[in-house]
Amino acid sequence: MNSKMRLTLLSTALLAALSSPLYAATLTIMQNEAPRSMDPGNQTATFTGTVLDPMYEGLLRMSPELKPEAALATSWSSDESGLKWTFKLRNGVTFHDGTPFNADAVVANFARHLDAKRGLAASGRLRTFLESVTKVDDSTVLFTLKKPYPAFLNLLTTGASLMVSPTADKAGTLDSKAVGTGPYKMVQYKTGEFVLEEKYPGYWGDKASGPDDLKWTWSAEPSVMNMALQAGEADVINPVPPQFANVLKNNPKFQLHESPGSAVFWVALNTDLKPLDDVRVRQALNFATDRAGLVRAIMSGFAIPANSPLAPVTAGYDKTLDPYPLNLEKAKALLKEAGLPNGFTMSIAVQGQDARIGQVLQSMWAKIGVKLDVRQMESGVWAKAAFADQAGKKADNTGAVLASWSSGVNGADLQLRPLYYSKSFAPGGANLGFFNDPKLDEMLDKAASTQDENARNAIYVEAQKEINQQAPQVLLYYQNDLFATGTGVSGVTMVPGGQIVVKDAHKG
């Protein structure tokens with residue numbers, strides 16, 4: 001072969017490689033925080049759940065109509081008491097490590113959550129209501145509940161109920177190496193940089209839909225997210241920084257997707273720490289917070305001031321509540337009554353992307369003499385500080401944590417119980433301020449086992465009022481769900497609360 005012919009063949013091969021579908025079929029998604037774990041049962045963060053969604057499945061999943069539907073289970077039924085649930089499992093399913101999915105795997109998955117010594121972050125949601133999971137035969141399992149729980153099927157679609165490989169769990173590698181049954185498997189997780197996923201050839205379901213590869217990146221800098229989309233370095237950004245939303249909305253090259261969200265942004269106050277153990281002090285901070293001003297300053301109008309610990313999309317939400325209109329004089333009077341006429345000093349832990357919120361609160365609360373020390377942290381460091389136990393927070397003098405929480409469409413119990421129930425104290429739950437109210441506990445337990453929806457929602461209305469009155473938090477706002485896609489990208493959808501679904505996306 002002469003050199004000219006060889007050069008022509010090499011050029012042809014190079015052109016073919018450059019035009020290969022492999023490149024066009026890689027969808028790059030940028031979010032505003034890094035994933036916290038590759039184990040869905042050891043994390044509760046919305047944007048981590050987004051990264052894990054293509055790789056994991058539960059017995060049930062949410063349909064496009066936001067109703068539980070079959071996934072790894074093909075059918076299910078309950079007895080008259082609502083305490084015994086029998087699930088038939090899908091046959092021929094394997095985990096990404098080649099091990100079989102069967103009844104033994106299901107039992108092992110839930111056993112790890114029922115074992116309180118494991119300390120998995122998402123276990124508390126299950127242990128509250130789940131008594132046991134037993135094998136009937138290789139393709140049948142029986143769930144026994146402690147008490148009736150109307151949201152049980154919804155609970156089986158959440159992160160704690162996603163199936164992981166028992167082999168990988170025993171090896172202790174799941175936090176860094178995802179092993180599920182989903183349509184995508186993990187290729188590489190480069191800490192601090194990216195997660196790469198590719199289609200799993202042994203997937204039991206539709207192998208044709210979705211990109212060949214999913215690449216997840218992240219940045220806490222809003223301008224970096226905006227520039228990545230503008231430059232074509234990211235095909236999807238989530239959430240869209242609100243200050244850039246209108247720019248993207250008016251640019252025909254991109255598509256801004258906006259919908260009512262279920263994420264509640266709030267400040268968890270450490271009720272175990274003086275002077276925040278005094279309800280009057282907590283109420284004063286609420287009266288000193290200009291929520292409408294926060295929405296304008298931080299969210300560019302893409303949010304709604306919060307009046308309840310439940311979001312408007314959640315069943316049982318009471319839109320009539322208005323517990324803390326801006327009232328600086330009332331706030332000062334409450335502090336004086338609590339023996340703090342000159343205010344006090346406290347700290348707040350915030351993630352990098354939320355630093356501006358902390359600064360605005362610092363300015364607002366200074367008007368009543370409260371000096372707020374804003375401690376800005378990288379996501380992983382923040383998670384450790386936020387979920388520290390009582391002794392840890394006391395040692396660090398952590399007075400508050402700025403956070404958000406969304407139960408998606410899974411109901412009021414999964415919004416309120418993790419945050420305010422007395423048995424949900426961090427680190428095992430998301431009660432970050434160690435709020436303990438027996439009256440509220442009783443309400444939540446009663447509501448959770450009340451079958452009649454109207455009666456259940458009536459209890460949740462009273463629960464909202466009790467939480468607002470005791471003020472274990474400063475409510476901020478409900479963020480609209482915002483994500484943006486680049487040219488030629490379609491098929492990306494949003495679950496209320498900020499979790500995007502990209503496994504059925506198309507590019508080109």
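Which residue forms a salt bridge with Glu-462? I started my look at this predicted model there. The partner turned out to be Lys-465, with the closest N and O atoms 3.7 Å apart. Both sit in helix H18, which spans residues 453–470, and being three residues apart they are separated by about one helical turn.

I found Lys-185 in a salt bridge with Glu-198, where the closest N and O atoms are 3.8 Å apart. Lys-185 belongs to strand S8 (residues 184–190) and Glu-198 to strand S9 (residues 194–199), so this pair ties together parts that are 13 residues apart in sequence.

Then I looked up Asp-373. Its salt bridge goes to Arg-375, and I got 3.2 Å between the closest N and O atoms. Asp-373 is partly exposed, its relative accessible area being 36%. Arg-375 is partly exposed as well, at 25%.

How many salt bridges does a search of the whole structure find? I ran it and the count came to 22.

Last entry, a network. Which residues are linked with Asp-39 in a network of salt bridges? I wrote down Arg-112, Arg-118 and Asp-169.

Definitions and conventions
Residues numbered from 1 in each chain as written. Predicted model: local features only at pLDDT ≥ 70, side-chain atom pairs only at ≥ 80, totals over all residues. Heavy atoms only, no water. Salt bridge = Lys/Arg side-chain N within 4 Å of Asp/Glu carboxyl O. Helix = DSSP H or I, 4+ residues; strand = E, 2+ residues; numbered from the N terminus. Buried < 20%, exposed > 50% of the residue type's maximum accessible area, 1.4 Å probe, protein only.
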